[in-house]
Amino acid sequence: MVGLIVFVSCGTQSEITSRIVGGTDSIQGEWPWQVSLQIRSHLCGASIISDRWLLSAAHFCVINILHPSLFSNNANPSLWTAFFGSVIVGEGTSRTIERIITHPNFSIPGLFNNDIAVLELSSPLTFTDFIRPICLPSSSHVFRDGQTCTVTGWGTLSYQGDFPTILQKADVNIVSNDACIRAYGNLISNKMLCAGILAGGIDACQGDSGGPLVCEESSGTWLLAGIVSFGDGCAQPDTPGVYSHVTALRDWVLQETGI
């Protein structure tokens with residue numbers, strides 16, 4: 001008997017739905033591409049980009065460039081479990097990881113450059129109202145300065161603070177490259193994108209690394225603009241969060257995954 005194939009568009013929220021520092025609780029199905037990557041407990045985020053592939057950061061999630069001796073084995077895919085389909089951390093559907101591919105020029109040149117990794121699941125996902133992929137932008141797509149986007153994750157609610165149980169969400173604005181360079185100097189490359197609230201108070205934080213920064217198009221489709229990468233503390237004034245710029249890294253993702 002031929003099985004029924006259900007087509008699910010990327011970048012769409014569940015019709016069931018009508019920390020991030022300074023964020024609020026998400027509701028079930030609101031961000032169906034969100035992933036919790038765990039080694040016994042939540043370590044970082046990721047995004048579903050197909051039924052077999054996840055997109056995350058290379059730093060910490062896979063390679064800790066600040067403390068490599070402590071996390072040198074994180075690149076072993078058998079250590080990781082990915083959780084999907086629930087706003088409650090560690091609940092929902094789970095899969096083990098078959099393969100991890102990091103960008104060959106990660107941290108070359110400069111710290112956190114090309115901070116991206118793709119993870120292949122041990123078996124494909126079945127898409128539902130609560131498990132869906134995020135759309136990837138084209139390699140020419142422009143996310144405009146000042147555009148309001150959303151960052152999500154189970155990271156700490158303050159710098160070195162407590163972790164939430166419920167997935168947090170917060171709206172942040174795309175920050176100009178000039179403002180980003182003023183904050184971080186020569187750490188910033190064209191493979192990075194800054195977003196935040198320059199007055200402070202809202203930002204990604206520890207444990208959000210690898211998670212999605214998504215922007216809604218006028219069509220109602222959500223695109224993955226950035227991957228949580230690094231920042232100076234969390235939610236400090238004039239120091240926006242720095243994200244891997246998915247547009248600039250799009251061709252590499254296509255090369256490795258065919259997506």
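**View 1. The end of helix α2 and the glycine after it.** G185 follows helix α2 in this predicted model, and the phi angle of G185 is positive, near 65°. The helix itself spans residues 177-184.

**View 2. The two faces of helix α2.** Within α2, the residues A179, C180 and Y184 are buried. When the helix is seen down its axis, these buried residues fall within an arc of 115°, so they line one face of α2. The face turned away from that buried side carries D178 and R182, which are both exposed.

**View 3. What lies over the buried side of α2.** The elements that cover the buried residues of α2 include the strands β9 (168-175) and β10 (192-196), together with β12 (222-230) and β13 (241-245).

**View 4. The largest nonpolar core.** This core has 39 residues, and the members that touch the most other members are L37, L54, L55 and F84. At least two residues of the core come from each of several elements, among them β2 (34-39), β3 (41-48), β6 (93-102) and α3 (246-257). Domain 1 (27-132 + 250-257) and domain 2 (147-247) both give residues to the core, so it lies between them.

**View 5. The surroundings of L37.** Leaving aside residues up to four places away in sequence, L37 touches a set of residues that includes H42, L43 and C44, as well as L54, W80 and L119.

Note on methods
Residues numbered from 1 in each chain as written. Predicted model: local features only at pLDDT ≥ 70, side-chain atom pairs only at ≥ 80, totals over all residues. Heavy atoms only, no water. Buried < 20%, exposed > 50% of the residue type's maximum accessible area, 1.4 Å probe, protein only. Helix = DSSP H or I, 4+ residues; strand = E, 2+ residues; numbered from the N terminus. Arc of directions from axis to C-beta. Contact = heavy atoms within 4.5 Å. Core = buried A, V, L, I, M, F, W, Y, C linked by side-chain atoms within 4.5 Å. Domains from an automatic or database assignment.
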